[in-house]
Amino acid sequence: MNDIGDEGLSGFVPERFRLAQGTTEPWRASGTGSALFCDVAGFNETSERLLAAHGRRVGAERLHELLGEQLGGVIRMGAQHRGTVIAHAGDALTLWFDAEDYGGDATAARQASACALALAKPFSYMGTRLRLTIASGLLKQNLVGDPIHGRLEIAGGPVMTRLAELDHLPRRADLPILVCARTQTLLQPSGAKVIELPQAHAGILNAVSADPVSPRPLRPVDTETALAWIPSSARAMLRRAATLGTLGEMAEIRTLTALFLQIMDPAKAENAMQAAARAVRETQWAVQTRGGTVLNVNTDAKGTYISCIFGAPVAHEDDTLRAFEAAADLLEQGRRASVEMRIGLARGATLVGVVGDARCWRYDAIGNTMNRAALMMTQAAPGTLRAAEEIAALVPEGIQAQTDHRKPQPGNTRHGTMPPQCGTQSALFERTGELDALCDVISQDAPLPRLAIIKADPGHGKTALLEGVRHRAEADGRVWLAAGGQESERKNESPRFHRRPIASFHATISSTSCCA
C-alpha cells in the first residue's frame, strides 16, 4: 500500500512547481540538463494475463501493485538523484535532471545515468522490465489548462524530441539503457563506459560514477492549489480518498472510451507551446463539458498529443457518443483556426486509478485501449478522426470517421447496443424482461416495502434500464426520487475495491401519496 502521509493531495502538483513554491527561485520555463525516459515494457501482456487469471477486481489490484513497484520506484530513485517528474503517459514517465541544480550539464548527465543504472534491474517484475533512455539538451516547459477544468504541465523542446527518437531503437534486455550522442560527450570526462552505436548517433550505457546528492524536500501546498491540478471530474472522489487515507490504493478496471488528439507539426508553429496551450483549453472544454476527463498532454514520438477518456471516474450510458461529438467539435474548431489535428478513438476494459508515489500522484488510465486510441490517432489522416473496430459501427450520423478493420480484442465489443443521443432516453435492446420485472416492483398493487437491486459490470446498461423504468413510472403519474453515493462509503468494503460514483437508491411514489 502506498502511504500518502501528511502530503494529502499535494502529490498531484508537479514537483518543480512545488520546489519553486515559497522560495525566491522562479519556476523556470526552459533550461538545459538531461532527461531520463522510463517505460514499463511488457505491461500490456502482463495486464491481459493477470485479468484472465484473476478477473477484474483482483487483476486491478495486482496491476496497481505492479505500477506502484515500477513507476513508484522510478520516482523514489529519481528523488535520490534530485530528478523530478516532468511528464507521464500511461505506463511511462520522464525524469528531469536540471543542469542548474547540479552546477553544470556534465554533472546532470552523470546523475541521470547513475539513476538509470540503479533502475536497470537484472530481473523482471511480474513479467515487466524498465526500458530506459537518456537525452541531454534544452527543455521547454509550460503550464497549460485552467483551474476550473484542471491544470497540466507540458514538456517539449529538443531534448524531448531526441528521447522519442531513441525510444524506438532496439536494445538488449541485459543492456536496457540508451543514451544520445550529446549525453555520451558529457559523460566522457567521468570515465563512463558506453558502447557506441554510430549509425544511431547513440550509445548503450554500461557504467558510470556519480557523487551522491541529498534529495530535496517538497513543500506541501494548500488544498485549493492541489485541486486545481486534478481533473474536475475526479476532484470530489480523490479529495474524499485523501481524507480517508486510501488515495494510494485506488484502482479498478473500467470499460471506457479513449480519445487521443494530436496537434499536427506544432514545432512549425511560431510558438509551439502557445499552440499546445490553446489546444488543451479547447479540448478541456469539448471533453469535460460532455462528462469526459482530460488526463495528460505529452510530447513524444507521436508529436504533441492530448489523452482523454469517457467512462471514468463517472460513467454514462452514451459515453462513446459523447466522445464522437467531442471529437467532431474539436476537428471543426481546428479547421476554423487553420490548425491541423487528427483524432483516434477506441473502447475497452482499462485500468484506471491513482498511480505513482506521494511525491508525484496522477489519476490516469493505462492499458491496451489507450494504446489502440493512440494508434488510431497516428493512422488518421490530417483533419479527421479514426475509430477502432470495436466502435466503428457506432459512429453517429453526420460525423465522418475512418475505421480500423482489424479484429477487435475479445471482450471489447458490446454487440446489439447503439449509443443514444446526449440528453435523450437511452435505447434498450433485449431488456424487456428486466424492464417489466422492475416495473412490477413499483406497481401500486404490490405490497410494501419493495426493493430491487440491479448488478452488472460497468457499461452494461444499468443506467439505461433505470431510465426506462423512470419513463414508465412518470407516465403513470408517479414521482421519481433518486440519491447517489460512492462504493467507498460502504462500511464493509475493502479500501482497495472500486471507488466511483454510483446510483444507490431509487424510489417512486404515486402523485396522491404524502411523505414527511
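Predicted model: local features only at pLDDT ≥ 70, side-chain atom pairs only at ≥ 80, totals over all residues.
## A buried pair

Arg16 forms a salt bridge with Asp98, and their closest N and O atoms lie 3.2 Å apart. The partners come from distant parts of the chain. Arg16 sits in helix H1 (residues 15-20). Asp98 belongs to strand E3 (residues 92-98).

In it, Arg16 has a relative accessible area of 9% and is buried. Asp98 is buried too, at 4% relative accessibility. Both values count as buried because the cut-off is under 20% relative accessible area.

## The network around it

Arg16 and Asp98 belong to a network of salt bridges that also takes in Asp101 and Arg216. The model has 15 salt bridges by the rule used here.

Asp329 forms a salt bridge with Arg290, with 3.6 Å between the closest N and O atoms. This pair also links distant parts of the chain, 39 residues apart. Asp329 is in helix H10 (residues 319-336). Arg290 is in the loop between helix H9 (272-288) and strand E10 (293-300). Asp329 is partly exposed, with a relative accessible area of 23%.

Glu332 pairs with Arg336 in another salt bridge, where the closest N and O atoms are 3.6 Å apart. These residues are separated by about one helical turn, because they are 4 residues apart in helix H10. Glu332 is partly exposed at 31% relative accessibility. Arg336 is exposed, with a relative accessible area of 59%.

How values were computed:
Residues numbered from 1 in each chain as written. Heavy atoms only, no water. Salt bridge = Lys/Arg side-chain N within 4 Å of Asp/Glu carboxyl O. Helix = DSSP H or I, 4+ residues; strand = E, 2+ residues; numbered from the N terminus. Buried < 20%, exposed > 50% of the residue type's maximum accessible area, 1.4 Å probe, protein only.
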